[in-house]
Amino acid sequence: MNQQEYVRRRRQLMSMISAGSMAILPAAPEKLRSRDTHYSFRQDSDFHYLTGFDEPDAVAVLVPGRDHAEFVLFCRERDPTRELWDGPMAGPEGARERFGAEDAFPMTDIDEILPGLMEGCDRIYYSMGTHSEFDQRVIGWMNSLRGQRRGTHGPEELIALDHLLHEMRLFKSRRERSAMKKAARVAVAAHKRAMLACEPGMFEYQLEAELVHEFRRAGAVPAYLPIVAGGANACVLHYVTNSEPLSDGDLVLIDAGCELDLYASDVTRTFPVNGRFTEAQRAVQEIVCEAQAAAIDATVPGNHWNDPHLAAVKVVTRGLRDLGILKGRLPSLIKGEAYKPYYMHRTGHWLGIDVHDVGDYQIDGEWRLLEAGLVTTVEPGIYIPPGARVPRRFKGIGVRIEDDVLVTRSGHEVLSAGLPKWPDDVEAFMAGGR
């Protein structure tokens, strides 16, 4: 993402913030993994969205309509000794020259400078509850300013920044859509690699290694802990142990997406370990594929957010009835949510910088309308645990199919297209690579 994109975002946000206000955003902290080793640093999504600055221990301040700088960045000073161990740091000079800050200061000076910037502001826009330690500092500065001598005053109101900023993030720009297409392509390549590598007797973690290999060779990282669930493990929705052997005759469900340039993909496929579906597995897989096709067809401008889910529920419920797992009239089964023991989650979620991206699903208590620029997953599934009271041939089958879908002006675009999912296509692909 080039700097002009970040400038555009900051200007858009500042145009939405009322005069006499400022917005404050802290960066993500470093997180300790064990003793003196850290987790790989991942920047706070909101902070990154507005700055592109990829260091911890930093604070961005946006002030519209004031004489001083509109974008002020507090960050660590450069330290040659620390850079020897951890690599280059931007420092205040780099914040101005490379990241477009009109002014920048050492983080150690924030207690002296930021309260002065806050003085005279009526409102502070801030996301309370996201950074608990910094929350207390913001409240402390506000209280301190209110208690100063007569003639000065501090901000009287603390306003949640989330609503404005997250509504902005929900609609993807041309550059964001391009980044998400790249992330989806890498995920598709990783799933294909796993499908071709899969053999009975492998362990789930070995299949996970194939995914991560493809992510890393493309410069990406996993966007979340990959799910590689063989057999009945697929009936555990967030199974991430990935430690069991893959058995001949079982299905394996892989839910794995990558993060590339901080934008996520989220893709799921289910396929037979040995490359051939049983009759029961094929029947369930086809229902889920049909449900996904119906949901994708409903992912178009003007439909409500919930319409794709309703379309998937109808197909899944009818399919479960056709298999003899549910009994009764289709309208009654849907109204009574008889499908929920086997399909208990929704059909999708927003996708972007975060895998479960920000943005409201409802507005004033009503499902929001789908509009061009929104990106959602479409991921119906059927999960029949071993203890379910169903015909034996269906016990332990778990199937989920998930793709990333961009809503366009004329309809939709499947960003993760080209990855087999229908049983015939999966079998042909796996056979062709062996």
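Me: Buried means under 20% relative accessible area, exposed means over 50%, and partly exposed lies in between (1.4 Å probe, protein chains only). Which residues of α6 are buried?

Reply: First, a note on the source. This is a predicted model, in which local features need pLDDT of at least 70 and side-chain atom pairs count only at pLDDT 80 or more, while totals for chains, interfaces and linings use all residues. Residues are numbered from 1 along each chain as its sequence is written, and side-chain values use heavy atoms, with hydrogens and water left out. Helices (H or I, at least four residues) and strands (E, at least two) are DSSP runs, numbered from the N terminus. In α6, the buried residues are Phe-134, Asp-135, Val-138, Trp-141, Met-142 and Leu-145.

Me: Why do the buried residues of α6 line one face of the helix?

Reply: An α-helix has 3.6 residues a turn, so residues three or four places apart point the same way. Viewed down the axis of α6, the buried residues lie within an arc of 130 degrees (taken from the directions from the helix axis to the C-beta atoms), so they line one face. Ser-132, Glu-133 and Gln-136, on the other side of α6, are exposed. The cover over the buried residues includes β1 (21-26), β4 (59-62), α5 (110-118), β7 (123-126) and β8 (157-160), where contact means heavy atoms within 4.5 Å.

Me: How many residues does α6 have, and how far does it reach?

Reply: The expected span of a helix is 1.5 Å times one less than its number of residues. Helix α6 (residues 132-146) has 15 residues and spans 22 Å from its first C-alpha to its last, close to the expected 21 Å.

Me: How many salt bridges does the structure hold?

Reply: Side chains of opposite charge can pair when their charged atoms come close. A salt bridge is a side-chain nitrogen of Lys or Arg within 4 Å of a carboxyl oxygen of Asp or Glu, and the structure holds 29 of them. In one of them, Glu-210 meets Arg-193, with the closest N and O atoms 2.8 Å apart. Glu-210 belongs to helix α9 (residues 204-217) and Arg-193 to helix α8 (residues 174-197), so the pair ties together parts 17 residues apart in sequence. Arg-193 is partly exposed, at 30% relative accessibility.

Me: Which distant parts of the chain does the pair of Glu-427 and Arg-282 link?

Reply: Glu-427 and Arg-282 form a salt bridge whose closest N and O atoms are 3.0 Å apart. This pair links helix α13 (residues 423-432), which holds Glu-427, with helix α10 (residues 279-297), which holds Arg-282, 145 residues apart. Glu-427 is buried, at a relative accessible area of 7%.

Me: Which residues do ring pairs link into a cluster?

Reply: Rings of Phe, Tyr and Trp (its six-membered ring) pair if their centres lie within 6.5 Å; planes under 30 degrees apart count as stacked, over 60 as edge-to-face and the rest as tilted. The count comes to nine aromatic pairs. Among them, Phe-203 and Tyr-205 are stacked, 5.2 Å centre to centre with 15 degrees between the planes. Ring pairs also link Tyr-126, Phe-134 and Trp-141 into a cluster.
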